[in-house]
Amino acid sequence: MPQPKLKYEAEIADFAPGCISCPPAGALPMAIKAFRWVAKPMTTDSFLPPGKIKPARVNNTKGAANCGLFGVSMHTSRERSIDAFKKLEKTFVYARKTIGGFVAEGDLTEQDGLCTTSNSAGHFDLYEYEKVNLIDSFVVLCEIPK
Amino acid sequence: MSRMPFIQGKDIDGRAFPDYTWNADLIFFDGPFLSLYRRDAGGQDALFFWLDADNKKNRWGVVELARSSLRDYLRGQISLRSIIRQADFVYIFNVGVRRRTSIKLLSELPDFYLPKADSFLYPEISTDEAKALIEEDVSTYKLLLSGDDLYVDDLAIIPKLYQQLYSFHYGVGHLDRAAVRDRLVSTVRDWKGGFSSVHLFNGMKAVIPSIHRARVSNLQYASPGHIGMELLPDMARKISEVISSLDDGGVDRMEKAYSSCYRYFRDEKISGFEEGDERRVDTLTSIQIETIKNIVNYLVENLRMPSVMQAFEEMEIDVLGQLRAILAYYRRLRQLYTYVQSGTLKIPVI
């Protein structure tokens with residue numbers, strides 16, 4: 001069966017020449033519980049990848065190719081999601097302004113997109129398929145303690 | 001989103017803001033939070049750290065740091081707060097639509113933006129690339145010098161040639177780093193305005209962070225003397241292997257191949273392609289492409305650099321790009337090897 005089209009396929013094709021694998025090699029459809037940092041209330045913007053967020057949180061004004069700009073950041077557990085956020089906030093004291101201060105939980109299905117292999121901290125990126133609307137699959141669990 | 005506070009500081013014209021080359025994102029969640037850059041003039045490492053945002057723009061800070069501080073930060077031994085507090089100056093700028101505005105130079109970061117005392121680069125938030133940067137460590141290595149016929153310009157040329165070869169091998173060996181891969185693609189494959197071997201070597205150099213750079217640690221010329229360096233031992237090993245490939249008649253084989261290669265280009269009326277020329281592979285005949293492919297294979301085989309061929313293939317660099325890169329590399333290698341042949345320089349095997 002042909003793989004469904006990615007939601008941001010055109011944007012990815014724009015910057016990623018054939019030799020750069022995007023989504024990264026090893027990204028697969030997965031049925032998995034996922035946890036994402038969001039603002040409350042959630043909106044469709046809560047699930048935009050960084051390449052689509054306005055204003056874009058980028059520092060490279062020359063626009064370096066970066067596959068990660070079209071993946072949506074997730075963790076594999078609530079604890080890891082909260083732990084990472086707390087550590088992030090030690091360096092970026094206004095982090096809540098840009099990525100929200102709540103954790104939302106959702107059940108990803110194999111029809112939602114391609115998930116990268118989670119790293120040792122339980123973090124992975126989801127590259128959504130076209131027509132997927134993640135807000136329907138996620139609910140806000142709690143505010144991340146300050 | 002609430003407004004960002006006004007920052008007191010010296011206004012900097014965009015043209016006066018130094019040029020920095022992106023090296024790696026160290027913290028990245030839905031976009032970069034902290035990125036490692038290198039200043040083009042002078043080569044200092046710099047950290048670009050996210051500070052704040054409103055509905056129209058994001059605010060970033062920039063701080064330059066010493067090699068030892070970068071290493072300690074990547075190892076989780078010092079905090080970003082201590083790096084910022086030790087810095088002589090901090091830049092702040094806003095980014096709206098891909099453009100830096102309101103650039104300011106400050107002597108110190110306002111307290112309300114200062115990271116906390118325990119603002120370390122925790123493994124839970126660092127990128128895989130940040131972790132990889134610290135996995136490789138430099139060690140000491142000596143280029144041995146001897147003979148009475150060594151001049152000041154030789155002492156300038158030898159490290160420069162060595163550094164160019166080092167940069168090349170670093171690039172080939174670090175294609176997993178996005179900055180390296182992007183730079184190689186743009187200088188060897190998607191170049192505009194003609195290929196430039198200087199751009200190739202300088203481009204590679206620009207994406208090597210200080211902790212991986214070959215750095216002269218001491219210099220002793222007393223016949224015998226040495227140029228002491230701190231560098232990645234794997235790169236030094238690769239260079240010494242290639243130098244060894246020129247021993248025992250290897251250099252004669254390479255010179256013969258080099259000359260016949262240029263004779264072929266003259267005969268085929270495709271000479272002059274290696275510097276500044278914009279010739280594309282689709283202007284060559286299939287026989288010419290096949291011949292160039294064989295030339296590249298022969299050169300790479302003789303230089304015992306199979307990893308270079310793998311890198312070319314991985315980057316989808318066409319035969320003309322491969323040939324340009326390998327000839328540019330060989331010209332520098334040959335120049336360095338003349339010092340080895342004269343007995344002035346010895347490049348020890350690791």
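**Helix packing and contacts of chain B**

Modeller: Helix 11 of chain B comprises 23 residues and spans 31 Å from its first C-alpha to its last, close to the 33 Å expected at 1.5 Å a residue. The expected span is 1.5 Å times one less than the number of residues; helices (H or I, at least four residues) and strands (E, at least two) are DSSP runs numbered from the N terminus. The model is predicted: local features need pLDDT of at least 70 and side-chain atom pairs count only at pLDDT 80 or more, whereas totals for chains, interfaces and linings use all residues. Residues are numbered from 1 along each chain as its sequence is written, and chains are lettered from A and ligands numbered from 1 in the order in which they are written.

Just after helix 11 of chain B, B:Gly343 adopts a positive phi of about 85 degrees. Most residues other than glycine have a negative phi.

Helix 11 (residues 319–341) of chain B packs against helix 9 (residues 286–302) of chain B at about 35 degrees, with the axes 9 Å apart. Here the axes are lines fitted to C-alpha atoms, for helices over the stretch in contact, and angles run from 0 to 180 degrees between N-to-C directions. The crossing of helix 9 and helix 11 of chain B is left-handed, that is, the near helix is turned anticlockwise from the far one by less than a right angle (right-handed if clockwise). Helix 9 of chain B contributes residues including B:Ile292, B:Val296 and B:Leu299 to the contact, and helix 11 of chain B contributes, among others, B:Leu323, B:Ile326 and B:Tyr330; contact requires C-beta atoms, placed from the backbone, within 7 Å. By class, this contact of helix 9 with helix 11 of chain B has 11 nonpolar, 1 polar and 1 charged residues. Nonpolar denotes Ala, Val, Leu, Ile, Met, Phe, Trp, Tyr, Cys and Pro, charged denotes Asp, Glu, Lys and Arg, and the others, Gly among them, are polar.

B:Gln164, B:Ser167, B:Phe168, B:Tyr170 and B:Gly171 of helix 4 of chain B meet B:Phe201, B:Met204 and B:Lys205 of helix 6 of chain B. These divide into 4 nonpolar, 3 polar and 1 charged.

Turning to the domains, chain B is assigned domain 1 (10–135) and domain 2 (139–346), with bounds from an automatic or database assignment. Their C-alpha centres lie 33 Å apart. In the contact between them, 13 residues of domain 1 of chain B touch 7 residues of domain 2 of chain B. Strand 2 of chain B supplies the largest share of the domain 1 side, 4 residues, and that side holds 5 nonpolar, 2 polar and 6 charged residues.

Finally, the contact between the chains takes 41 residues from chain B and 34 residues from chain A. Strand 4 of chain B gives the largest share of the chain B side, 5 residues.

Conventions. Contact = placed C-beta atoms within 7 Å.
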